[in-house]
Amino acid sequence: MALRLIGIGAFLLGVFVLVPVFIAVTGRWDFYYTLTSVALLSVGAAGVWLTFYIGRINIGQGAYALVGGYVSAILVMKAGFSFWVTLPLAGVACALISVVIGLPILRLRGVYFAMVTLVLTEVARLTALALPVTNGAKGITSIPLPGELSILGLTIIPDFAGLANPKLAFYLMGAALMALTYLVLWRIVNSRLGHLCRSLQQNEELAASIGVNTAMLRVLAYSISSFFGGIAGAMFVAISQSIYPSSFVVTDSVNFMLYCFLGGLGYVFGPMLGTLLLYFGWDLLSVAKQYQLLIYSGSMIALMLVLPNGLLSLFDKKESRQ
């Protein structure tokens, strides 16, 4: 327990103190956007990991990121809501939509469920193109930066537009959201709910035979997963100050899944590690030019063959340990 607390403390120190100090010293301010993107992508990947935890292959997280982004953008631009109010609302909206979608499709398993979720991202993109409220292909642009968040007259988060370095503020916000997301995910996995979800992954029929409400658990896990995707999408909109139907596509949904595979499906923090390595790895391989995708794909296949339980399995001989 003490070792775990030391590890968590070192991680938080590195993320919230050492990284800003390093960037300030080196002057590489562009790293803030890169690291913020990694943090938010890992939030979306955390949701995908949770659906894997109940034995479902989810390749549709991009759809919920897109929906969450549009919900936030529309509420800010057309209804005058504060971004801080739209952030949880975007997640809740995605969770509600996922309940409606999940009730019929969560009965499917394996490749059948994966194929249906893969289609969801394209359906979301085409819907965004068709609806007048989303402005079609023009998207929604010129979205203002997040304003001040205050409680009882006390400023909790300052107005981003008035800051000298909004990139640092976005990074800290993204890192805080990532830390909170994985804290919640870890707590779910190590709770009674997590144990029940694990029973679905191992033997769903046996779990149902002893009285576990498998249908409710599937929908609950899927809605939590979609909530994470929605808030990640809303945060991306705040950073880019715009959103288009092509902001999240099928490739993004596939990447969310790959982040989980690379880090390790048996480890809560697997998606975070997978996101960091794949995001930076793709950029580093740009020197290979036309061979970039070939090397990337070959490396992924080799890693899956050598480390089928993900990179974190290198540090733990016990399989599927959180």
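Analyst: The protein chain contains 12 helices and two strands, where helices (H or I, at least four residues) and strands (E, at least two) are DSSP runs numbered from the N terminus. In sequence order the pattern is α-α-α-α-α-β-β-α-α-α-α-α-α-α. This is a predicted model, in which local features need pLDDT of at least 70, side-chain atom pairs count only at pLDDT 80 or more, and totals for chains, interfaces and linings use all residues. Residues are numbered from 1 along each chain as its sequence is written, and side-chain values use heavy atoms, with hydrogens and water left out.

User: What radius of gyration does the protein chain have, and how does that value agree with a compact globule?

Analyst: The radius is taken over C-alpha atoms, and the globule rule is 2.2 Å times the number of residues to the power 0.38. For 322 residues the rule gives a value near 20 Å, and the protein chain, at 20 Å, agrees with it. Along the principal axes, the C-alpha atoms fill a box of roughly 55 × 50 × 45 Å.

User: What percentage of the residues count as buried?

Analyst: Buried means under 20% relative accessible area, exposed over 50%, and partly exposed in between (1.4 Å probe, protein chains only). Here 45% of the 322 residues count as buried.

User: Is Ala179 buried, exposed or partly exposed, and in which helix does Ala179 lie?

Analyst: Ala179 belongs to helix 6, which spans residues 166-189. Its relative accessible area is 22%, so Ala179 is partly exposed. The C-alpha atom of Ala179 is separated by 25 Å from that of Thr26, 153 residues apart along the chain.
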